[in-house]
Amino acid sequence: MNSVLKDLQPSLVFKYFEEISQIPRGSKNEKAISDYLRNFGESLGLETIQDESLNIIIRKPATPGYENAPGVVLQGHMDMVCEKNKSTNHDFMKDPIKLRIDGDYIYATDTTLGADNGIAVAMGLAILASNDIAHPALEVLVTVDEEAGMTGAMALDGSLVKGKYILNLDSEEEGYLLVSCAGGVTALSTLPVKFVKPETPRKAYLLEIKGLLGGHSGMDIIKQRGNANKLLGRLLNSLHVDFDIAKVEGGSKNNAIPREADCVIMVNNDQIDEFLTHVKDITNTFKHELSTSDPGLEIVCSETNTPESILDSTSKNRVIKMLNLIPNAIQTMSMDIENLVESSTNLGVVRTTDSSVTFECAVRSSVKSLKEDITNRMDLLISEFGGSLQLISDYPAWEYTKGSQLEKICVEAFKNLTGKDPIIMALHAGLECGLLLDKIPHAEAISFGPNMYDVHTPNEHLSISSTENTWNYLVAILKSMK
């Protein structure tokens with residue numbers, strides 16, 4: 001393998017990041033990466049645990065002089081969000097990530113990069129492999145399936161973790177120390193539908209919404225980018241011609257704001273000109289609304305093959321109503337922390353099957369009752385149409401612990417290293433800290449990481465210089481714990 005990152009510093013961090021980028025590791029496809037991590041720990045002669053869920057714990061003894069210091073847990077997750085555009089030829093089940101460098105940034109080639117959270121894994125491995133870094137007793141804890149529901153953290157036996165201080169390396173902005181995050185749940189609404197034979201003479205069209213930026217459904221929800229599924233719903237609801245729907249599809253992950261959505265519809269032959277004119281008009285309307293937050297929007301309308309079946313009238317109307325009425329985007333803002341989203345939901349995935357249309361949302365809130373309010377409203381809506389709501393992978397918020405000793409250690413190390421104070425903040429995204437602290441009640445946690453941009457999108461990129469700064473900061477924290 002020709003190394004793309006071989007000349008970058010810190011060399012060990014980028015060496016291991018490049019190695020794990022060769023291993024497919026989408027959520028729920030982590031056996032190969034988990035085995036790699038197990039073999040890595042064992043090859044160093046370190047105590048290594050691979051649990052039934054494929055979570056990994058690798059223990060390294062304290063260096064001389066640090067034997068009496070509280071133990072430290074370096075924590076991240078091994079899975080990545082697998083996102084690409086429809087036109088990209090890449091199989092996330094078997095193809096390696098194709099890395100490239102552009103200035104100060106590392107990108108993948110037309111896919112997500114996996115720096116979320118591969119860079120945390122790489123830093124943990126670099127610490128384990130190094131013999132010149134002072135540190136207390138270490139545990140590198142790498143969980144599975146964080147992106148698709150945190151099931152690895154949920155299944156973890158907390159008694160296996162001995163350390164007192166958890167350094168979660170799953171944050172994406174240098175100079176920030178995260179001390180709190182939202183809880184969340186996946187809400188899956190299933191709407192039963194019926195299909196009938198299409199009428200003639202009608203012409204079939206494929207309507208495609210594309211060109212949106214997308215983004216992380218927690219971190220980027222405040223940017224008010226377009227949601228392709230919701231825009232498709234608005235378009236269908238605004239059509240004043242007689243039409244039928246054969247299918248609706250959009251998005252690929254509930255934790256990514258959907259960039260693309262499409263539907264196959266049939267329009268009366270005598271209303272085609274009116275239909276095409278309206279699509280052009282609604283495109284201009286959407287472009288105007290999103291001119292700042294999402295300027296690349298496109299709506300493509302093209303003739304397609306006549307479908308074998310279409311939704312009956314009742315099902316069609318219910319699908320359109322669901323697309324328009326299901327809660328989406330920011331629901332409430334915090335009154336205590338400026339510019340912090342308090343609760344939100346993202347209609348991330350819409351799928352049509354032989355008997356149903358499903359609507360999958362990522363619901364987030366730092367207030368449990370508000371999360372319940374959102375899902376209750378979803379339940380009221382779907383039950384009105386004879387459907388059902390399923391709640392999956394419910395995880396708790398991480399509540400702020402004021403005055404923690406770990407926060408003091410991390411603030412002091414940052415000041416000594418940079419001469420500046422870090423910014424203490426809460427995050428409207430899901431981190432595993434809340435779950436881990438429930439299972440490890442003796443522990444304290446804090447989260448930090450290097451600058452990453454456009455995570456959960458094919459434009460995801462990682463700052464090389466910020467990675468080096470974050471690595472130096474991590475080493476400084478460990479050294480200060482004597």
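Reply: The account below begins with the domains and then turns to the charged pairs.

The model is predicted: local features require a pLDDT of at least 70, and side-chain atom pairs count only at pLDDT 80 or more, while totals for chains, interfaces and linings use all residues. Residues are numbered from 1 along each chain as its sequence is written, and side-chain values use heavy atoms, leaving out hydrogens and water.

The protein is divided into domain 1 (11-182 + 398-481) and domain 2 (184-395), with bounds taken from an automatic or database domain assignment. Their C-alpha centres lie 33 Å apart. Domain 1 brings 25 residues to the contact and domain 2 brings 29, where contact means heavy atoms within 4.5 Å. The size of an interface is often given as the accessible area lost when the parts come together. Here the buried area is about 2100 Å², and carbon and sulfur atoms give 53% of it; buried area is the accessible area (1.4 Å probe) that two parts lose on being put together, summed over both. K86, H428 and H456 supply 30% of what domain 1 buries against domain 2, more than any other three residues.

Which charged pairs hold a place here? Side chains of opposite charge can pair when their charged atoms come close. Between domain 1 and domain 2 there are 3 salt bridges, a salt bridge being a side-chain nitrogen of Lys or Arg within 4 Å of a carboxyl oxygen of Asp or Glu. In the model, the side chains of D454 and R225 form a salt bridge, with N to O at 3.9 Å. D454 is partly exposed at 21% relative accessible area, whereas R225 is buried at 16%; buried means under 20%, exposed over 50%, and partly exposed in between (1.4 Å probe, protein chains only).

Polar contacts also cross the interface of domain 1 and domain 2, in 12 residue pairs with both residues at pLDDT 80 or more. Helix 4 (151-155) and strand 22 (423-427) each supply at least two residues of the side of domain 1 that touches domain 2. Helices (H or I, at least four residues) and strands (E, at least two) are DSSP runs, numbered from the N terminus. A polar contact is a pair of N or O atoms within 3.5 Å; within protein, one must be able to donate a hydrogen and the other to accept it, and residues adjacent in sequence count only if both atoms are side-chain atoms.

The whole structure holds 21 salt bridges, including that of K31 and D35 at 2.5 Å, N to O. Both residues lie in helix 2 (residues 31-43), 4 residues apart, about one turn of the helix. K31 is partly exposed at 47%, and D35 is buried at 15%. By contrast in position, D454 lies in the loop between strand 24 (452-453) and strand 25 (461-463), and R225 in the loop between strand 12 (215-216) and helix 5 (228-238), so this pair ties together parts that are 229 residues apart in sequence.

Another salt bridge joins the side chains of D373 and R377 at 3.3 Å, N to O. These residues both lie in helix 8 (residues 368-384), 4 residues apart. D373 is partly exposed at 36%, and R377 is partly exposed at 33%. Salt bridges that share partners join D220, K223, R225 and D454 into one network.
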